[in-house]
Amino acid sequence: MTVLNLLATKSSSFRSKSTYELKDLSRTPFVPLQMLEAVVYKTVIKTRIDEKVPESQVAGDVEDPPSDNIVGDSRVEMPVFIRVILGYWFFGKIYDAKQKHEVVVKLAQKLIEKEHWSHYIYCENIDPEVSSFGISSRKKNKAPNPLIQATTFGILELIMAILQKYPVAADSFDENGRNILHITVEQKHRFLYQHLMNSLAYKDRMLADIDNRGNTILHLASCAKNHVLTKQGSIEMANQMSWDVLWFKRVKHDSYPHLQHLRNMDGKTAEELFEENHSSLREEAEKAAKHVSANLIIAATLICTINFAALFTVPGGFNQNTGDPMLLSDHWQEMQFFMAYIGLALFFAFLSLTNLILIQVSRFDTNDFHIAVPVKTIISSLTIMYSTGLSATAYLQGYILESSPGTFIATFMIFYMFVVWFVLALVMVDTTFSTFDYMYYALLHLIAYKSRGI
């Protein structure tokens with residue numbers, strides 16, 4: 001095994017597989033903090049790396065490359081006020097990570113220049129079982145292929161560097177007769193897949209390839225990721241099912257139509273294999289969606305009850321003769337705001353309750369996870385957040401009606417209002433970002449393929 005082989009297995013040393021990638025968030029326990037770190041990494045922190053990497057560093061530690069004679073200047077090029085606001089530990093950690101990523105990329109480029117790719121070009125494979133199935137027998141590499149390894153781990157930077165230097169390496173196959181597009185689809189590296197589809201010269205031929213087991217690229221797209229580590233009852237189960245459905249549809253739209261009807265050596269089409277692989281995940285996703293919606297129904301019902309009762313117990317009470325609120329004549333504008341907040345909170349709570357009930361009675365077929373379930377989840381999350389925020393705002397408005405707060409109290413109330421909405425926004429982003437992220441890519445997929453008439 002060469003140093004390049006070792007580097008191709010260290011995905012954490014590259015930015016594309018780190019937590020500092022804006023295109024692939026929700027890898028950390030708190031999404032808003034990851035967003036901040038990714039923005040600081042991309043726009044604020046700058047490093048300066050020497051172009052020349054010493055020969056002695058080529059065989060160095062790829063996980064923690066030495067910085068001697070590689071980093072030209074270890075100072076962080078950042079405004080002082082940014083450093084004061086964020087803290088030295090915060091930006092120092094990000095700076096170290098960015099420096100490591102840049103050094104590793106340059107190290108990889110040096111290693112690639114020293115490689116002779118003839119060591120990794122496939123040789124003849126005369127497996128009689130494979131030959132009898134009628135599949136091409138030219139799919140076996142002579143040595144561990146760094147491109148195959150990097151594709152398996154989804155290291156975009158290393159793959160780009162290899163293909164730029166050796167375009168012929170795109171014809172590499174693994175021990176199962178799968179090309180780099182096959183491996184990318186099987187591992188569900190969506191950003192790498194998009195790059196390969198835009199850059200490969202022979203992508204049509206690669207899409208039509210079949211591996212040693214008779215699997216097409218659609219069969220590989222039907223694989224289900226291991227969901228054992230996902231918390232039972234978590235909405236992430238439903239999100240994972242939605243991503244798998246979208247992934248299969250996307251690869252299906254990119255592939256040749258006849259591949260949908262081909263059967264592998266087990267006698268199964270891609271759709272049959274998808275249903276078989278996802279039967280357990282679909283059941284878990286259904287349970288998770290119903291479990292979460294059942295809990296939110298209780299919260300939405302409580303908000304509806306509170307706001308409905310507030311409509312008949314306005315501050316100051318009602319005039320017994322006319323039935324109008326007592327404070328309506330003296331505080332007409334404030335009373336209108338109060339009623340508007342209550343009415344909107346009640347409306348959004350009812351809307352959230354309706355969507356949550358629809359989730360409970362959904363069929364949860366495989367196609368329901370493509371658009372229907374995520375849309376209902378997003379609407380329910382947004383409406384329950386709005387109803388909660390508007391209920392808190394109505395409480396403050398009611399306090400203003402019943403008392404005449406001074407400057408200090410008024411300032412505190414404004415601060416309280418800001419904190420409530422800010423906390424709600426953070427909770428919303430942290431808990432539902434993956435669903436919003438999914439819907440963004442699902443809509444892009446629909447628009448792209450509808451425009452092509454597919």
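Which residue forms a salt bridge with Asp-211? That partner is Arg-178, with the closest N and O atoms 2.8 Å apart. Keep in mind that this is a predicted model, where local features need pLDDT of at least 70, side-chain atom pairs count only at pLDDT 80 or more, and totals for chains, interfaces and linings use all residues. Residues are numbered from 1 along each chain as its sequence is written, and side-chain values use heavy atoms, with hydrogens and water left out.

**Salt bridges**
- The structure has 13 salt bridges, each being a side-chain nitrogen of Lys or Arg within 4 Å of a carboxyl oxygen of Asp or Glu.
- The Asp-211 and Arg-178 salt bridge ties together distant parts of the chain, 33 residues apart.
- Asp-211 sits in the loop between helix 10 (203-208) and helix 11 (217-221), while Arg-178 is in the loop between helix 7 (156-165) and helix 8 (180-187). (Helices, H or I of at least four residues, and strands, E of at least two, are DSSP runs numbered from the N terminus.)

**Helix 12 against helix 13**
- Helix 12 (residues 235-254) and helix 13 (residues 270-311) have axes that come within 7 Å and cross at roughly 150 degrees. (Axes are lines fitted to C-alpha atoms, for helices over the stretch in contact, and angles run from 0 to 180 degrees between N-to-C directions.)
- That crossing makes helix 12 roughly antiparallel to helix 13. (Angles over 145 degrees count as roughly antiparallel, under 35 as roughly parallel, 65 to 115 as roughly perpendicular and the rest as oblique.)
- From helix 12, the residues in contact include Met-241, Val-245 and Phe-248; from helix 13, they include Phe-274, Leu-281 and Val-292. (Contact means heavy atoms within 4.5 Å.)
- By class, this contact has 13 nonpolar, two polar and five charged residues. (Ala, Val, Leu, Ile, Met, Phe, Trp, Tyr, Cys and Pro count as nonpolar, Asp, Glu, Lys and Arg as charged, and the others, Gly among them, as polar.)

**Helix 9 and its partners**
- The axes of helix 9 (residues 190-199) and helix 12 come within 13 Å and cross at roughly 10 degrees, so helix 9 is roughly parallel to helix 12.

**Annotated transmembrane regions**
- An unreviewed UniProt entry places "transmembrane region" features at residues 296-318, 338-359, 371-396 and 408-429.
- Residues 338-359 are 100% helix and 0% strand, with end C-alpha atoms 32 Å apart.
- Residues 371-396 are 96% helix and 0% strand, and their end C-alpha atoms lie 38 Å apart.
- UniProt positions follow the numbering used here, feature names are shortened, and annotations may be inferred rather than shown by experiment.
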